[in-house]
Amino acid sequence: MKIQWAGILLGASIGGVNAMAEYMAEAMRGERVSGYGKSDKPSWVPDFKDESPPHNGIRIPRQDWTLTCSSSARGYPCKNAIDGKNTTAWHSDPSDKGHTFIVDLGAWYQVSAVVVLPPLDTGVEGLITQHKIWISEDDETWTGPVAYGMWPNTVRQRMSAFEPSSARYLRITTDADDENPWVGISELNIYGTLYTIPHNPALGVWGPTLDFPIVPVSGAQEGSGMLALWSSWADDQFHSTPGGKTVMTRWNSTTGEVSKRTVTNTNHDMFCPGISYDGTGMMVVTGGNSARETSLYDSANDEWISANGMNLKRGYQASTTLSDGRVFVIGGSWSEVSTIDKDGEVYDPATGNWTMLPDATVQDMMTEDMEGAWRADNHGWLFGWKGLSVFQAGPSKQMNWYSASGNGSVKAAGRRMEDEDSMSGNAVMFDAVKGKILTLGGSPDYDKSPATDAAHIITLGEPGQKPKVQLAGGRGTMHYERVFHTTVVLPDGKVFIAGGQTYGIAFNEENVQFVPEIYDPETDTFQKLQQNNVVRVYHTVSILLPDARVLNAGGGLCGNCTANHYDGQIFTPPYLVTPSGQPRPRPEILSGLPEKTLVGSTLRFKTSGPIWKASLIRLGTATHTVNTDQRRIPLNVVATSFFRNTWKVTLPSEPGILIPGYWMLFVMDRDGVPSVAKIMMIGLDPKKTIQAWEEPLGATEEENCEHGSFTSFWQSWKPTLILQTNGRS
């Protein structure tokens, strides 16, 4: 058996047979309502009552299929899996610890999904959870896995949807264990599509699909290199929460392992939270369904820790990390309609306490949402900056400077030119050294509102100064209107934009944007990328991975509805593949980089070959279009020995630019191909930090008199040095 290794990276073969069976055309003309051949009239068909159906999918007729199973228990033959009845099933032989299920479709199709109904009369016994799905045109060279992961451990229909791929053969592999020594399938259906997407690797590649046991609506890249994702108190719903628990999954991108567990020890339903990594490297998750709770996640030890609750109940709030490593949070009226004054407060990891900032008032950043104050302060675009300041770039048309000093303060920073309120849009700091922020899309109201294609560049100066705002892409527009989309900054400084709708309606999958785009700050242009075939709108997340690819995942979490997506897709940006779709050779960081370092440090390291660029990107923490942690710092690379491939970079000494916490360091070759990142914990240098914090906010003398609390605070306050990296003082 041959394995197509390029397909493992790309998740689907490039090119291949595009011809479709006549039944597909008949189905599209309405001559075959079911999509099956006329002799295939099953008593059970997938219903998709609690998950999104395959986009443009049509069930492939089964009368010409040939099945091959690695084993079968007596009385449960392989053919039972496609007999059209949910009362019969195939069972593997319990003595067989590795199971393979191969389908010969009898013809070539553009295969796009697999739907499995487990045996219904055995409880959780026999469920296929961990799995991999492969495709082939000849039963010899296998591409994939095109999808893999962990299906939910519940007796219900489960699906893997992936990019349409030319195939005649499909293979499912899974392993049994001592607790579940056999697996079974009551009904297997495979979907194809007439909707073929031209694959152009020069525009990036979608796949493989990662199947998760939950609908992921929040997530974070861990300092350990793994990825943490979670939903709410249940796998696929947030409403009617009993409180006190959160269902989460972790993905190991190195081994491919997907796991699941329910977090109960922090007594916190972490749906609709604020998420930020503090200066000690602890992930701080605030509010949500359990609106006052604070949970800390120590990713190095995979440990959740209960922390002191906030002073105010919050949900749909935003948070950001300050230059001293504390966490600032503001907004969140969703969780308590009767109280709209969700002013700022800060969490101090050194003491574990929250402190209110009564003069950091939330009214200044509220939009004119049609639902009023209940939504108007949701999902702020916050950026920690110099001297304990926070820049609020949106979504309100009015921008503001906040300060976390003393009792806090707020100062108007002007408008994003003619841009209006941009709810459920997003913003990303793609060059923190120059203070550059890209803002993208959104809509005037949180729900039931048309999207905009607006794009602006904001350039920050000193705290308190009015920023420079200009149109991005020359005209100030993306290629498409988007709301509920996601945005990720890449190692080379480009910004990846995916998904969204032209008219935003929560839990609705119409008016979807399937073509992502990328913003190039060097050319100030937007470019269309490779189209995908999975809907990603409300409740989706995108996170940059340490291997420089992007996870685009989730959607739904609405319980018994057809908008749930228990999966994610990997997007491979163009810098990692050749025009023919082969993996590009990548530089490697071989040695020298420490696990921990300080702001302002000089780092020396060795690579596998020459490099031209380097950058730092802070670990992302994403939910509801917001990822306030991600920011990029370009680094100047100096050769200490070009022929020995040894280099040095000096980190910024300003902690308002290099916010303390976990960062990924990437190096790039002359073609812009990035390495796999080295994840480092970057802490505070007390000498350099004290000097920076004693500087005034950069306002005029008249402004300093007007906001006297700023200046007096810098003169009197002395920082607390935080050296721990695991939350323990």
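## A buried ring pair

Tryptophan 206 is buried, because its relative accessibility is 4%, under the 20% cut-off. This is a predicted model. Phenylalanine 571 also counts as buried, at 1% relative accessibility.

The structure holds 22 aromatic pairs. Tryptophan 206 and phenylalanine 571 form a tilted pair, because their ring planes stand at 50°. The ring centres are 4.8 Å apart. This pair links distant parts of the chain. Tryptophan 206 sits in strand E11 (residues 205-211) and phenylalanine 571 in strand E41 (residues 567-572). The two residues are 365 residues apart.

## Further rings

Tyrosine 347 and tryptophan 354 make another tilted pair. Their centres lie 5.3 Å apart, with the planes at 45°. Tyrosine 347 is buried, with a relative accessible area of 3%. Tryptophan 354 is buried at 9% relative accessibility.

Ring pairs also build a cluster. Its members are Phe238, Phe271, Tyr316, Tyr446, Phe484, Phe507 and Tyr538.

## Charges over rings

Arginine 375 lies over the face of tyrosine 446, 3.9 Å from the ring centre. Tyrosine 446 is one of the cluster residues. Elsewhere, the charged end of arginine 168 sits over the ring of tryptophan 108, 5.4 Å from its centre.

## An open sheet

Five strands form an open sheet, in the order E15-E14-E13-E12-E46. The pairing is antiparallel. Strand E15 (258-263) and strand E46 (621-623) are the edges, and each pairs on one side only. From one strand to the next, the twist averages 20°.

Within this sheet, four bridges join strand E12 (residues 218-221) to strand E13 (residues 227-230). Glycine 219 has leucine 229 in E13 as its bridge partner.

Methods: Residues numbered from 1 in each chain as written. Predicted model: local features only at pLDDT ≥ 70, side-chain atom pairs only at ≥ 80, totals over all residues. Heavy atoms only, no water. Pairing = 2+ DSSP bridges. Axes fitted to C-alpha atoms, helices over the stretch in contact; angles between N-to-C directions. Phe/Tyr/Trp six-rings, centres within 6.5 Å; stacked < 30°, edge-to-face > 60°. Buried < 20%, exposed > 50% of the residue type's maximum accessible area, 1.4 Å probe, protein only. Lys NZ or Arg CZ within 6 Å of the ring centre and 35° of its normal.
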